[in-house]
Each structure stands twice: as C-alpha cells, then as structure tokens.
Amino acid sequence: MPEQTPWVLDTLDRFGAKGTFFCVGDNVRKHPEIFADILRRGHSVGNHTFNHLPLFNVGWGVFTKNIEQCDDVEGHRARLFRAPHGHITPWHAWRLTRGGRFDRVVFWDVMPKDYDNRLTEEEVLANVRRYVRPGSVIVFHDSIKAGERMRHALVGTLEMLQAEGYTFPTIEAEI
C-alpha cells in the first residue's frame, strides 16, 4: 500500500479520474494516513474484509466478523463491498445487502491480472483493451506484487479511455 497507493492517487489526479478503493482493513490499520489521503482526494472506499479472507475458506461467521473488523478500523460503515477473489455466492451477496448492510456487492468485468508476474506490462494492458466497455469495473491492485505492471496498465488505460471520451467516476457516484 505505501509503495504504490500514493503514486496511484497522483496518477488519478493527473487524469482527473476518481477511483473506488476496496481496502483491506489491516492495511488501513497499518497506514491510516494513506486511507485518509484517499478520502481527502475525493475517492470512495469499500470494504474488502480485514485480512482478505476468502469466504469459502473460513465460513460465514468468521467472514462477517472480518467484515465488521474492517469497518471498525476504517471508522465508518462502507456502502460497498468486494469479496476477496470474488468468492461469494448470490445468496451471500443478498445477505450482505439485505437490511442495508451494504448498498452493493461489487463485482468486476475487467481483471487485467496485474498481480500475475508471468504477464508482461503490455499483456496486462492488452487485457484491459480486450475486455473494457462502457460501464466496466476494472480492478487494479496497488500492491508491491502488481508493481510496474499495474503502473504501466493504469496509465495506458487512463490515456486510452480518456482519448475515447470516457469519464472516471467512483462506483458510489454510479449508484
């Protein structure tokens, strides 16, 4: 997070773009100043659990406690949720939105695989070019693992889509 997120924020600012950051609570605990900067710059945040726990490995009770622990660290209840690895059933997603816990469980339609060190920077960007369409949710990872692949693909994506007239609102702005 501290190695990549400030660069991501500066890059989004340079393009006049807003992002939605699905934050792992433990990272927020370790780097509250970066979380505050995300909010200060007008981006939105969502809950991504406290420890990036996959639902199917831990069960529903542990999973929901991990979601609540993330809220406790962030200091507010996020309106959006994204399951680690996208591992969630429609029934579980319904349970999380029922009664107003979350406004929306967010999925994506473009996963460039910036975290995959077997791919080159250009292959990651090509994944975006191949699958992006109006209304797409593209997942980039502001992690050390994604590193230069994410940086290259994020800039290339913003340049390409801005040239095509796309705008970049937060997911919350679209609800």
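**Loops, a helix face and a helix end**

Lys 113 sits in the loop between strand E4 (104-105) and helix H7 (121-131). The model is predicted.

**Positive phi in loops**

- Lys 113 is not a glycine, yet its phi is positive, about 65 degrees.
- Lys 113 has a relative accessible area of 39%. Partly exposed lies between the buried limit of 20% and the exposed limit of 50%, so Lys 113 counts as partly exposed.
- His 52 belongs to the loop between strand E2 (44-47) and helix H4 (55-58).
- The phi of His 52 is also positive, near 60 degrees, and His 52 is a residue other than glycine.
- With a relative accessible area of 28%, His 52 is partly exposed.

**Helix H1**

- Helix H1 spans residues 5-15. Its buried residues are Thr 5, Val 8, Leu 9, Thr 11, Leu 12 and Phe 15.
- Down the axis of H1, these buried residues fall within an arc of 165 degrees, so they line one face of the helix.
- The buried residues of H1 pack against strand E1 (20-23), helix H3 (32-40) and helix H8 (147-163).
- Gly 16 follows H1, and the phi of Gly 16 is positive, near 65 degrees.

**Thr 97**

- Thr 97 is part of helix H6 (residues 90-97).
- Thr 97 is partly exposed, because its relative accessibility is 27%.
- Beyond its neighbours within four places in sequence, Thr 97 contacts Phe 102, Asp 103, Arg 104 and Val 105.
- Thr 97 and Lys 145 are 48 residues apart along the chain, and their C-alpha atoms are separated by 31 Å.

Note on methods: Residues numbered from 1 in each chain as written. Predicted model: local features only at pLDDT ≥ 70, side-chain atom pairs only at ≥ 80, totals over all residues. Heavy atoms only, no water. Buried < 20%, exposed > 50% of the residue type's maximum accessible area, 1.4 Å probe, protein only. Helix = DSSP H or I, 4+ residues; strand = E, 2+ residues; numbered from the N terminus. Arc of directions from axis to C-beta. Contact = heavy atoms within 4.5 Å.
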